[in-house]
Amino acid sequence: GYTCAVANEIGTERVQQLAKVMKKKNVQLGEDQLSCLVKMVTLHGIPKDLDSYPKDLLLFLSPSDYAATGSCRQYFASVGKANLDLLQRDSSERKQLLLEALACLKISGTQVNEENAEILGHLVCDLGEEYIRSSGENLLEQLSQCASFLPDQEEAIKSVISSGNTTFGPPSVWSASTLNELVGLIPIFDHSILQKIPKNALTLWLKNFARDSPLSREQLATIVEELLPARHKRASDAVLNDYMMPLMYSPEELRACLKNVSLENHLSQILNYPFSKEQLAVLKENLDQTYPDGYPDSLLSKLGSFIDTATPEEIKRWRITSPNTLAFLLKSLPKDKQAIALIERYVTLGNPLNATALEAINRKHLCLLNATTLNRIDSNALKRVSLNFSSCPQFTKDILYAKAKRAFSDQHNLPSYYTHIEPYLGGAPGEDLKALSKDNVNMSVDTLAKLRTDSLMSLTPAEVKGLLGVNIRDLVKWQNKSPIREWVRRQKQAELDKLAIGLTGGTQEGYIIIVTPQFQ
């Protein structure tokens with residue numbers, strides 16, 4: 001709940017104390033929260049005990065800021081442990097961090113030794129393929145902790161692994177414990193690598209380590225496909241309780257085995273097994289025969305990995321009655337058409353768009369809703385859910401802002417009002433923003449840039465200053481970026497000068513602004 005508005009209420013010293021407690025309690029903060037926090041923490045200079053603050057805070061400082069309290073190596077060792085994904089992968093800030101880290105560690109070529117790789121930590125995830133190829137196994141430990149890779153990085157990692165020039169040796173000599181050490185890289189192993197790993201090592205790893213690994217069922221299924229056809233058979237009543245079941249039956253054998261067998265009581269268990277796509281299709285056939293008129297809610301809540309193959313036509317027959325079931329299903333449906341069909345089916349059956357339903361829809365699908373569905377949202381539900389719709393169409397932002405304003409109207413005169421309304425301001429009209437400029441809210445420039453264009457252009461420099469508060473100096477960094485650039489050009493330079501932050505690009509006295517029509 002920490003915001004700039006709250007920070008202004010409690011003062012610098014208390015914010016610093018709060019920040020130190022945040023580190024002790026390992027509080028997870030977002031980009032806007034950290035950007036605001038770092039301003040308050042460093043308002044009177046860099047504190048000597050900077051290491052007492054959350055590591056993620058360092059992402060918003062530079063090595064020169066840190067120099068007064070420690071070396072640049074110490075700084076990047078801490079940055080390497082921070083949550084780098086708080087910064088967009090292709091952002092200039094994140095790219096600059098890597099460049100400064102390489103300069104600090106005096107890495108002039110593309111080879112990184114083990115010691116420097118350990119200091120770089122998560123920054124290793126941003127190294128190009130040339131570094132991965134040159135550094136060999138020195139980077140593997142850090143790379144195995146990366147959330148994702150670019151295609152050229154994947155190819156470089158596979159090249160290093162396949163070469164056999166690592167302490168792990170070539171894939172043909174790997175054991176189950178080797179696979180466990182490299183578990184973070186297994187998702188990028190293709191057939192050319194998997195087929196060389198001894199089958200008994202893959203089987204043993206699946207049996208002893210797979211359940212505790214961070215890999216998804218789909219990723220584990222890739223390994224199962226390498227181990228088919230099966231080695232041995234068992235009776236179906238025994239095999240349904242065995243995690244290694246996918247190794248025992250080819251799809252054809254599985255179909256014969258499950259004839260006259262009811263899966264419903266075993267679904268929650270067996271859908272965690274790493275079945276291949278072909279095996280999952282057999283399981284789905286079995287359920288379709290059992291429920292020809294569509295799946296009931298009691299069954300839908302047990303479904304897992306194979307519902308991603310459901311067609312919109314099949315989804316329109318599902319008898320979904322619970323927002324919890326909606327939440328469960330939306331996590332598993334990868335395609336937009338499936339998600340839309342599911343949400344429309346849920347609403348058509350008269351189910352409420354309450355907080356639970358919104359929380360589920362919010363993850364990926366909020367921007368897909370049409371105006372009719374959006375207007376069915378219960379305004380009071382917005383008090384209990386945090387929505388992310390910055391990339392949604394403007395009509396979505398307009399509708400949700402009106403609902404949020406209604407939901408939080410009883411708190412309009414409290415400092416907490418801005419905390420609640422801030423995510424919805426992308427749909428706010430100009431008059432509401434003008435009123436907000438008098439409330440000392442310390443809006444971030446990022447939020448200002450996401451306002452409705454017509455609303456932003458209606459604001460005067462004095463009103464923007466009132467909105468930004470302690471963040472006013474950040475406006476200079478944005479003056480050449482749209483839409484701040486367009487707002488600056490519309491202002492009189494004399495008015496911009498009154499902000500005393502060095503903002504340039506406004507209209508000089510004696511000139512007028514001519515707006516070129518967008519369409520003839």
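I looked up where helices α21 and α23 touch, and found Pro323, Asn324, Leu326, Ala327 and Leu330 of α21 meeting Thr356, Ala357, Ala360 and Ile361 of α23, contact being heavy atoms within 4.5 Å. The residues of this contact divide into seven nonpolar, two polar and no charged (Ala, Val, Leu, Ile, Met, Phe, Trp, Tyr, Cys and Pro count as nonpolar, Asp, Glu, Lys and Arg as charged, the others, Gly among them, as polar).

I noted that this is a predicted model, in which local features need pLDDT of at least 70 and side-chain atom pairs pLDDT 80 or more, while totals for chains, interfaces and linings use all residues. Residues are numbered from 1 along each chain as its sequence is written, and side-chain values use heavy atoms, without hydrogens and water.

I then checked the geometry: α21 (residues 323-332) and α23 (residues 355-362) pack at about 10 degrees with axes 8 Å apart, and are therefore roughly parallel (angles under 35 degrees).

Next I turned to aromatic rings, which pair if the centres of Phe, Tyr or Trp rings (for Trp the six-membered ring) lie within 6.5 Å, with planes under 30 degrees apart counted as stacked, over 60 as edge-to-face and the rest as tilted. The count comes to six aromatic pairs. Tyr273 is buried at 4% relative accessible area, and Phe275 is buried at 1% (buried means under 20%, with a 1.4 Å probe and protein chains only).

For Tyr295 and Trp318 I wrote down centres 6.1 Å apart and planes at 15 degrees, so the pair is stacked. Both Tyr295 and Trp318 are buried, and together with Tyr291 they form one aromatic cluster.

Notes. Axes fitted to C-alpha atoms, helices over the stretch in contact; angles between N-to-C directions. Helix = DSSP H or I, 4+ residues; strand = E, 2+ residues; numbered from the N terminus. Parallel < 35°, antiparallel > 145°, perpendicular 65-115°, else oblique. Buried < 20%, exposed > 50% of the residue type's maximum accessible area, 1.4 Å probe, protein only.
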